[in-house]
Amino acid sequence: MKSNTIFISYNPKQPEEQTLAIRLHSIGAVNGFRMFLPDRFNSDRVLDLETKRRIDESDYFILFSLSDTLSPIVGDEINYAWNRFKKDKSRIIIIHRADKNQAIQFEASKHCTTINYNPFEESMDAVSSKVINVIFHKEAKLQKDKESQKGLVALLTIGLGLLALNELSKE
């Protein structure tokens, strides 16, 4: 059984997003996923060859966005993933904090599946169902291994929990 390879991105200068991405990277890695983060060592403005290689090796692109805009580098990563994944929006998933009437506004938004989440109004089960529908809708057509997909959903649910914990701890 091949486990999914997941690229988890974050906006530079967003420490909460970076912390969430690093935690998910660690949790996924110890649970059998191949996990990648962007290479931000040399630049947080230019999409470098190492980050492209990591996206090339990935099955999914995931971003938990805590702000209302995306940095240009994340937009470039999404556009690159869009071409890499053969224009398959279900493989580029952005889970966005939907409270305070914020919405992601950027050119790359037409290349991804955006799932809004308000931890104060929605249960994690409701959002997990949205994620499951996105992933399994496409995968059902491809007849891929369902156990591997369930693991991806579990990892994203953990991310939702971390996002909710972050938001609720601010109150």
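## Report on a predicted chain

Setting aside neighbours within four places in sequence, phenylalanine 64 is in contact (heavy atoms within 4.5 Å) with Glu17, Leu20, Leu24, Ile95, Leu156, Gly159, Leu160 and Leu163. The model is predicted: local features need pLDDT of at least 70, side-chain atom pairs count only at pLDDT 80 or more, and totals for chains, interfaces and linings use all residues. Residues are numbered from 1 along each chain as its sequence is written, and side-chain values use heavy atoms, with hydrogens and water left out.

### The chain as a whole

The chain has five helices and five strands. Helices (H or I, at least four residues) and strands (E, at least two) are DSSP runs, numbered from the N terminus. Read from the N terminus, the order of elements is β-α-β-α-β-α-β-β-α-α.

Of the 171 residues, 49% count as buried. Buried means under 20% relative accessible area, exposed over 50%, and partly exposed in between (1.4 Å probe, protein chains only). The accessible surface of the chain comes to about 8600 Å², and 53% of that belongs to carbon and sulfur atoms. These areas come from the Shrake-Rupley method with a 1.4 Å probe; for residues, only the protein chains shown count as cover. Among contacts between residues at least 6 apart in sequence, 67% join residues at least 24 apart.

The average pLDDT (the predictor's confidence in each residue, from 0 to 100) is 80, and 81% of the residues score at least 70. Among the elements, α2 has the highest mean pLDDT (96), and helix α4 (residues 124-142) the lowest (64). Over residues 139-143 the pLDDT is below 50, and this stretch has seven contacts in the model beyond near neighbours in sequence.

### Nonpolar cores

A nonpolar core is a set of buried Ala, Val, Leu, Ile, Met, Phe, Trp, Tyr and Cys residues joined through side-chain atoms within 4.5 Å. In soluble globular proteins, nonpolar side chains tend to be buried together. The largest core here has 26 residues, of which Ile6, Ile8, Ile62, Phe64 and Ile95 touch the most other members. At least two residues of this core come from each of β1, α1, β3, β4 (92-97), β5 (113-117), α4 and α5 (146-169). Helix α5 gives the largest share, six residues. A second, separate core has 16 residues, among them Ile55, Leu70, Val74 and Ile78.

Ile55 also belongs to helix α2 (residues 49-56), where Thr51, Arg54 and Ile55 are buried. These three lie on the same side of α2, because they cover an arc of only 100° around the axis. That arc is taken from the directions from the helix axis to the C-beta atoms. The buried residues of α2 pack against β1 (5-9), β2 (34-36), β3 (60-65) and α3 (72-84).

Glutamate 17 is in helix α1 (residues 15-30). It counts as buried because its relative accessibility is 1%. Not counting residues up to four places away in sequence, glutamate 17 touches Tyr10, Asn11, Leu63, Phe64, Ser65, Leu66 and Ser67. One of these, leucine 63, is 46 residues from glutamate 17 in sequence but 8.5 Å away in space, C-alpha to C-alpha.

Histidine 111 is in the loop between β4 and β5. Its relative accessibility is 13%, so histidine 111 counts as buried. Leaving aside neighbours within four places in sequence, histidine 111 is in contact with Ile78, Asn79, Trp82, Lys89 and Ile92.

Both residues make polar contacts, listed below. A polar contact is a pair of N or O atoms within 3.5 Å; within protein, one must be able to donate a hydrogen and the other to accept it, and residues adjacent in sequence count only if both atoms are side-chain atoms.

| Side chain | Partner | Distance |
|---|---|---|
| Histidine 111 | Asparagine 79, side chain | 2.8 Å |
| Histidine 111 | Tryptophan 82, side chain | 3.4 Å |

### Two lysines with positive phi

Most residues other than glycine have a negative phi. Lysine 13 is not a glycine, yet its phi is positive, about 65°. Lysine 13 sits in the loop between β1 and α1, and at 65% relative accessibility it counts as exposed. Lysine 86 has a positive phi of about 55° and is not a glycine either. Its place is the loop between α3 and β4. Lysine 86 is exposed, with a relative accessible area of 73%.
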